[in-house]
Amino acid sequence: MFQHKKIQNLNDFFKKQSERESTGVYFYRINGYSEEIGAFIRAYYEAARKNGVVIEGKLQNPDEKNLAYYQEVMGMDFMLSTGFIGMNLKKWLPRMNDGQRENVALSLYDALFLLQKEGKTEHMLKNAYIKCMCWLYYRFERIVNQLGENQLPKILYEGTVSQYELMILSILSNAGCDVVLIQYGGDAAYLKLDALSQRSHELKLPGMQAFPPGFCLKQVREQMQEAANRERLYGILPKRQGCTNAWMDGDVLADLKKSPAQRGDDAKLFYNGFCRINGVEEKLTYAKDLYEFQLALKNSGRRMVIVNESLGRPAMEEIAAVHRNHYTKPEQLIQDLSSNINMRDTSSVELQRMMVRAFVDVMLAQTEQMGRELNLNKLTNQAVCLLCFLKRYEGRLFGGWKETDIPCFVYLGGCQEESEALFFRFLARLPADVLILCPDLTRRCCMKDKLLYEVNYTQSMQLAAFPEENTDVAIGTAAYHAERELDTLLYQDSGMYREKQYEKANTVILQTMYEEIGILWKEEVKYRPSFTTAKDEVHIPVIFAKVSGVKDGLVQPYWRFVKELVTEDTFVIKSAPFIEPGAPNPMRAYAAEFYKNGRLLRDKIKSHPSYPYGYVREEIQDYILDKLKLLIDQKVIRGTFQNGTEYAVIATVLNLPKEIVRLIQKFDFTKKNPKLVYIHTTEAMISLEDTILTAFLNRIGFDIVFFVPTGYQNVEKYFNRKIMEEHQIGEYLYDLHVPNLEGALQRTKISWRDKLFKRK
């Protein structure tokens with residue numbers, strides 16, 4: 001029989017008999033967990049599955065059918081002798097050779113003899129013998145003819161072993177097989193059966209802890225199946241793997257200039273860089289260094305793509321070109337979508353395999369990152385977006401690719417969207433350099449990846465675009481950069497603001513008393529309640545009110561108050577409607593082209609021959625389009641997304657009066673805001689276009705007051721909900737004539753008697 005040996009390390013279990021230091025078998029029990037033990041259990045499980053027996057739960061006692069068949073073949077005779085047991089084994093398990101049969105017979109005899117010494121009756125010995133014979137036939141018949149062979153069979157048992165189970169496992173171990181017990185409940189139950197650990201050894205390794213919750217062989221099996229399924233996702237693997245950043249010396253720009261031959265010579269590897277530089281080392285030379293970097297790459301013949309600020313979202317045409325289906329599992333999703341990676345250049349089969357591997361890697365990592373919050377729709381959208389970016393840039397990066405090529409992708413500004421970060425994580429696993437530049441430290445990059453190499457500098461600098469041509473290189477003097485730093489100190493969280501410091505703003509409508517309108521009207525917005533700044537945005541408190549009636553019925557003081565609101569930044573409308581329904585509007589014919597599938601097509605608007613705001617500063621154009629989209633999305637105007645009112649909104653906003661456009665262009669978001677005074681003295685209803693105009697200007701940041709001495713319900717007709725404050729200030733008066741608000745209003749002299757007796 002075989003002796004039980006102690007292992008030197010866990011790999012000893014997988015050695016053939018001829019490779020072991022001395023002839024013997026291993027019988028161990030595992031009572032704790034570590035990463036090393038977890039890996040061993042998975043490997044041992046696979047070995048037992050292929051060449052052995054895995055027992056999950058208990059060995060079931062022979063049932064009536066098992067016993068009936070045994071009795072039919074073997075009869076019910078019993079004798080405690082090795083000759084009797086060996087003869088019966090030859091008949092019952094004929095595939096064993098003589099040596100195997102002899103070892104099993106001797107081991108079974110020893111086990112029964114020990115039971116006899118413990119006081120078991122002959123009837124009990126017979127039952128134990130028959131149970132063992134049935135187990136050998138029904139559970140272990142597949143390995144009995146391999147016992148003691150050079151490739152030793154394996155038994156893996158999970159759970160708390162019983163007396164007779166330990167007996168059969170010991171018999172088989174003694175006859176020539178390895179056995180491992182996994183005991184989640186610890187060693188206490190086992191030691192009641194084998195107090196001196198004579199039948200097996202306890203595995204003791206550094207760092208062992210309790211088994212993780214839910215750990216079991218079923219989980220191991222499922223994980224292995226999942227891993228096997230994932231292996232199939234890759235298809236034929238490429239010949240080369242990436243060596244990312246390990247070859248670099250630390251000077252990123254200098255390192256990325258190196259040719260592939262200077263980086264390394266292992267034919268099984270490609271040497272690429274994946275780097276992010278935060279801040280700048282020296283403001284005076286930063287732009288010049290970047291220009292010389294791209295010039296060196298172009299002169300060496302390397303392909304290069306440079307993108308500033310944003311990759312931009314994929315267009316509808318790009319998305320439609322990606323083949324996809326409905327998915328129920330992430331692996332199904334990844335495998336199907338990876339079929340979209342199909343290089344048009346048939347000589348790039350190796351590159352295509354690299355792309356498939358990189359796609360599978362990053363999408364599996366994305367799946368694991370989502371964890372329990374896995375959303376297949378979101379995962380699909382991310383994968384489709386990645387593939388759109390790949391199709392967009394693959395020709396410029398990999399057209400005519402050869403194995404010695406390492407193109408370079410430079411992204412200035414840092415990733416602001418997860419879709420951008422995902423694409424660069426994918427690209428960094430291909431034979432390509434990826435360089436992310438974040439000179440402005442206030443603009444944080446969301447990229448996170450274990451492969452990413454970062455360089456951090458403390459100086460911050462704004463750079464609008466990568467200096468690709470010599471004329472693009474703008475080098476600031478020391479005084480210029482000192483002034484920029486002084487700006488940061490003076491105008492960041494200090495309550496002081498430089499001219500046009502902010503390019504974006506959101507409005508908050510103030511709820512005020514009527515008397516407060518005149519006070520707040522001429523104040524700079526930064527002094528108003530609720531004025532705040534956050535990052536690159538301003539939150540502007542604005543007035544949006546309707547004044548109904550005339551205070552005390554006094555007409556001249558009423559007009560005097562209105563006149564006081566007319567400043568150089570005030571646009572005045574003296575009668576309704578200001579924009580007549582059906583009035584000529586050159587943008588009305590194109591409005592439907594500018595809004596598709598819930599998206600405002602900004603680029604199409606700006607490039608249209610009839611676009612009226614091309615002369616305005618770029619940031620103001622973007623601001624106008626931002627507020628146009630907001631007005632549509634909020635459905636403030638009645639009929640939006642119901643009867644095509646959204647197209648009326650677009651046409652009206654793209655046809656603003658020149659005076660209003662100038663007020664918007666002039667508007668500094670931290671100073672006095674532009675105004676609109678709308679006077680409505682008749683029964684005429686204001687037009688839909690007037691409503692759109694005033695709602696839009698409210699979102700731009702205008703203070704707006706409607707003066708309605710009649711108190712009529714006419715301003716509110718086209719609003720979906722109440723959004724302005726209404727002040728009822730006095731008596732309703734009709735058919736008032738609007739005076740010349742730019743000239744002087746005559747003051748009526750009131751005698752002291754009239755003041756005393758309040759005579760009018």
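**View 1. Parallel pairing of β13 and β15 in the predicted model.** In this predicted model, β13 runs parallel to strand β15, residues 537-542. Six bridges connect the two strands.

**View 2. The open sheet of three strands.** β13, β15 and β14 form an open sheet in the order β13-β15-β14. Its pairing is mixed. Which strands stand at the edges? They are β13 (504-509) and β14 (532-534). Each has a single partner strand, so one side of each lacks a neighbour in the sheet. On average, neighbouring strands of this sheet are turned by 25° against each other, direction ignored.

**View 3. The open sheet of five strands.** Here the order is β9-β10-β11-β8-β12. Pairing is parallel in this open sheet. β9 (304-308) and β12 (453-456) take the edge positions. Each pairs with a single strand, so one of its sides is left without a neighbour in the sheet. From one strand to the next, the twist averages 15°.

**View 4. β10 beside β11.** Strand β10 covers residues 408-412, and strand β11 covers residues 433-438. They pair in the parallel sense, over five bridges. Val410 has Leu435 of β11 as its bridge partner.

**View 5. The salt bridge between Arg429 and Asp449.** How far apart are the closest N and O atoms of Arg429 and Asp449? The distance is 3.1 Å. This pair links distant parts of the chain, 20 residues apart. Arg429 sits in the loop between α17 (418-427) and β11. Asp449 sits in the loop between β11 and β12. The count of salt bridges in the model comes to 37.

**View 6. The loop between β6 and α10.** Two residues are picked out here, Asn245 and Asp251. The loop that holds Asp251 runs between β6 (241-244) and α10 (252-257). Asn245 lies in the loop between β6 and α10.

**View 7. A negative surface patch.** Four residues form this patch: Asp251, Glu281, Glu282 and Asp289. Asp251 brings in the loop of the previous view, between β6 and α10.

**View 8. The cis peptide bond at Pro577.** Which residue does a cis peptide bond join to Pro577? It is Ala576. Omega is about -5° at this bond. Pro577 lies in the loop between β17 (570-573) and β18 (595-596).

Conventions
Residues numbered from 1 in each chain as written. Predicted model: local features only at pLDDT ≥ 70, side-chain atom pairs only at ≥ 80, totals over all residues. Heavy atoms only, no water. Patch = residues over 30% accessible without salt bridge, like charges linked within 9 Å, V, L, I, M, F, W, Y side chains within 5 Å. Areas by Shrake-Rupley, 256 points an atom, 1.4 Å probe, with all protein chains shown as cover. Salt bridge = Lys/Arg side-chain N within 4 Å of Asp/Glu carboxyl O. Lys, Arg positive; Asp, Glu negative; His and termini not counted. Charge placed at Lys NZ, Arg CZ, Asp CG, Glu CD. Helix = DSSP H or I, 4+ residues; strand = E, 2+ residues; numbered from the N terminus. Pairing = 2+ DSSP bridges. Axes fitted to C-alpha atoms, helices over the stretch in contact; angles between N-to-C directions.
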